[in-house]
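Hi,

Here is the structure I promised to pass on.

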Amino acid sequence: MWQGDDALSRRRDVARADVRQYPCAGMTSLEASGTGTTGGVRFLGGRGAYGRLLARDAVLLIVTLGLYRFWLMTDVRRFLWANTEIDGETLEYAGTPLELLTGFLVAIAILVPVYAGFFLAALNIGLLGELTGIGAFLGLAVLGQFAIYRARRYRLTRTIFRGLRFTQSGSAWIYALRAVGWWILTALTCGLAYPFQLASLERYKMRHTQYGTLPGRFTGSGFGLLLRGLPMWLLVIGPLALTVVVFVDSVDSNALADAVGQGGDDVLGRVEGGNPALGEAIVFAMLMTALSALMAALLYPVFQTVVLRWWTSGLRFGEIEAHSKLRIRHVYGAYMRFLWWGGLFTLALTAAAIPLLILIGVLAGKMPDSGLGDIAASLVGLGGYVIAALGYSMIYRATVLLSLWQLGAEALQLSGLAVLEHVDATGGASSPLGEGLADALNVGGY
């Protein structure tokens, strides 16, 4: 098992010793009982060590023109898995970068002819071309959900706890069709079906998930999640719904039909002339859209907390039950940390960019006909974009994503852990193709 740096390894060994000697020490999620049937989850990794890992891998990512991302993802998973302790034992990630690279290359070999076929079919002008475009979108949506399910299978079969691996069975195609159907229903209901979508898909995934011989299941209720999220849905969708009502009340349908029927270049002017209140309705719509976007941004951490707490509280493996006490303020703290470090990074980029731009301007003035100034400006712009995108991504990983992992783990309460003593090994490692497809389609994750 990958251990990280020596300091982190010593810290983890000391923590394990404390847990064995003093079962209640450090268990922020649940006090241990003398029966051994309950246990806590802790995260032992340091934020500094994780930040150094990301910084090193970011440099290597730039040097290798992105190829190092397979090693980056492996390093991230090894760090998170190895520092997540459940009842005194840490997880182990057994995947390798070469597996991810191989799966990605195979996925690209599959997707290139698929994209080429869609492109050639879409060149046809007319109904066939339009149908091909719709079919390509739906086909890629199904393939993306297929990749998500297969990638989950890959990660589970590379996750080992107490010497036993997790496994996943079930049909990825069935899951993909169910997922796309649910997404369509969620879109048609403006998001109201989303809690039932999550519950249905999680039940399918957990029904086909095992830890050794322990079968998994999911007990979360879609209706319960709907009740928790309904106030947030009203605050976000309410202003948009009010905008629609105002527009319907402000527009004279007969005048609109006449203005459009006359044609010409001044259709918009005639529409506004026949609907005096239309200008006010447009201003109102802009304000309400801004309000809806603001509410969505402010409430997103609350939404994440509610969903994560609901999801983890519904997980079951045999007699093992999970319950979460994740707090909203802690998730807000993770995003505030991201805004703070992101702001400092922005200031540093600006401070570094200004002298370079001044230098480029001076050189361009001295050699106005050489074109070197334009070339240098383009290179600086490209380099700045790469550094900025990679920097914000790494800051987000080191703040929000790490905090969500840590907070989600340490908020867990586990019961029924005595059954772990009677679990046998089963299953084996699965193909990395699903992970490669997820990476190629940009739907991958931890």
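To start you off: in which helix is Gly 238 found? Gly 238 sits in helix α8, where helices (H or I, at least four residues) and strands (E, at least two) are DSSP runs, numbered from the N terminus. Before going further, note that this is a predicted model, so local features need pLDDT of at least 70 and side-chain atom pairs count only at pLDDT 80 or more, while totals for chains, interfaces and linings use all residues. Residues are numbered from 1 along each chain as its sequence is written, and side-chain values use heavy atoms, with hydrogens and water left out.

Back to Gly 238: it counts as partly exposed because its relative accessibility is 32% (buried is under 20% relative accessible area, exposed over 50%, partly exposed in between, with a 1.4 Å probe and protein chains only). Gly 238 and Leu 291 lie 53 residues apart in sequence, and their C-alpha atoms are 9.9 Å apart in space.

The α7/α8 pair

Helix α8 (residues 222-250) meets helix α7 (residues 194-207): their axes come within 8 Å and cross at roughly 145 degrees. Axes here are lines fitted to C-alpha atoms, for helices over the stretch in contact, and angles run from 0 to 180 degrees between N-to-C directions. On the α7 side the contact has Pro 195, Phe 196, Leu 198 and Ala 199, and on the α8 side Gly 222, Phe 223, Leu 225 and Leu 226 (contact means heavy atoms within 4.5 Å). Those residues split into seven nonpolar, one polar and no charged; Ala, Val, Leu, Ile, Met, Phe, Trp, Tyr, Cys and Pro count as nonpolar, Asp, Glu, Lys and Arg as charged, and the others, Gly among them, as polar.

Cores and α3

The largest nonpolar core has 57 residues, and Leu 54, Leu 80, Tyr 211 and Leu 214 have the most contacts inside it. Helix α3 (residues 69-82) gives the largest share of this core, seven residues. A core, for the record, is a set of buried Ala, Val, Leu, Ile, Met, Phe, Trp, Tyr and Cys residues joined through side-chain atoms within 4.5 Å. Leaving aside neighbours within four places in sequence, Leu 54 is in contact with Leu 72, Val 76, Met 394, Arg 397 and Ala 398. There is also a second, separate core of 18 residues, including Val 142, Leu 143, Phe 146 and Val 180.

As for α3 itself, 11 of its 14 residues are buried, among them Asp 75, Arg 77 and Trp 81.

Around β5

Thr 167 belongs to strand β5 (residues 164-168) and counts as buried because its relative accessibility is 10%. Beyond residues up to four places away in sequence, Thr 167 touches Leu 156, Thr 157, His 208, Thr 209, Gln 210, Thr 426, Gly 427 and Gly 428. In the loop between β4 (159-161) and β5 you will find Arg 162, whose phi is positive, near 55 degrees. Arg 162 counts as partly exposed, at 33% relative accessibility.

The other positive phi to look at

Most residues other than glycine have a negative phi. Asn 442 is not a glycine, yet its phi is positive, about 60 degrees. Asn 442 lies in the segment after α14 and counts as exposed because its relative accessibility is 70%. In helix α14 (residues 433-440), the buried residues include Glu 435 and Leu 437.

Cheers
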